[in-house]
Amino acid sequence: LGELKFIDCSGLAALFAFGSKVRTRGGNLKIVNTAPSARLLFHTVRLEAQFEIYHSVAEAVTSFSLPT
């Protein structure tokens with residue numbers, strides 16, 4: 001998402017729906033490399049509570065192996 005310049009409510013809804021589907025199937029969706037504007041939007045609409053957001057792919061991959 002590092003090059004994402006704009007996302008509207010439809011895009012956020014699609015991301016949320018995809019994340020929900022992944023979780024119901026036992027998976028976990030991580031958000032990586034968000035542009036500052038996207039990170040601010042995720043914070044504003046409280047999507048940070050729904051998704052783990054990481055600065056790098058390496059951080060996200062490592063988080064899969066950490067105990068919860």
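Accessible areas here come from the Shrake-Rupley method with a 1.4 Å probe, and for residues only the protein chains shown count as cover. This is a predicted model, in which local features need pLDDT of at least 70, side-chain atom pairs count only at pLDDT 80 or more, and totals for chains, interfaces and linings use all residues. Residues are numbered from 1 along each chain as its sequence is written, and side-chain values use heavy atoms, with hydrogens and water left out.

**View 1. The whole protein and its surface.** The accessible surface comes to about 4,900 Å², and 62% of that belongs to carbon and sulfur atoms. Three helices and two strands make up the secondary structure, in the order α-β-α-β-α along the sequence. Helices (H or I, at least four residues) and strands (E, at least two) are DSSP runs, numbered from the N terminus. The radius of gyration is 12 Å, close to the 11 Å that the globule rule gives for 68 residues, so the protein is as compact as a globular protein of that length. That radius is taken over C-alpha atoms, and the rule is 2.2 Å times the number of residues to the power 0.38.

**View 2. T34, a buried loop residue.** Look for T34 in the loop between strand 1 (30-32) and helix 2 (36-44). T34 counts as buried because its relative accessibility is 12%; buried means under 20% relative accessible area, exposed over 50%, and partly exposed in between (1.4 Å probe, protein chains only). Across the protein, 28% of the 68 residues are buried. The side chains of T34 and R39 are joined by a polar contact of 3.5 Å. Such a contact is a pair of N or O atoms within 3.5 Å; within protein, one must be able to donate a hydrogen and the other to accept it, and residues adjacent in sequence count only if both atoms are side-chain atoms. Beyond its neighbours within four places in sequence, T34 is in contact (heavy atoms within 4.5 Å) with L1, G2, R39, F42 and I53.

**View 3. L1 and its partners.** L1 sits in the segment before helix 1 (9-24) and is partly exposed, with a relative accessible area of 42%. Leaving out residues up to four places away in sequence, L1 touches I31, V32, N33, T34, A35 and F42.
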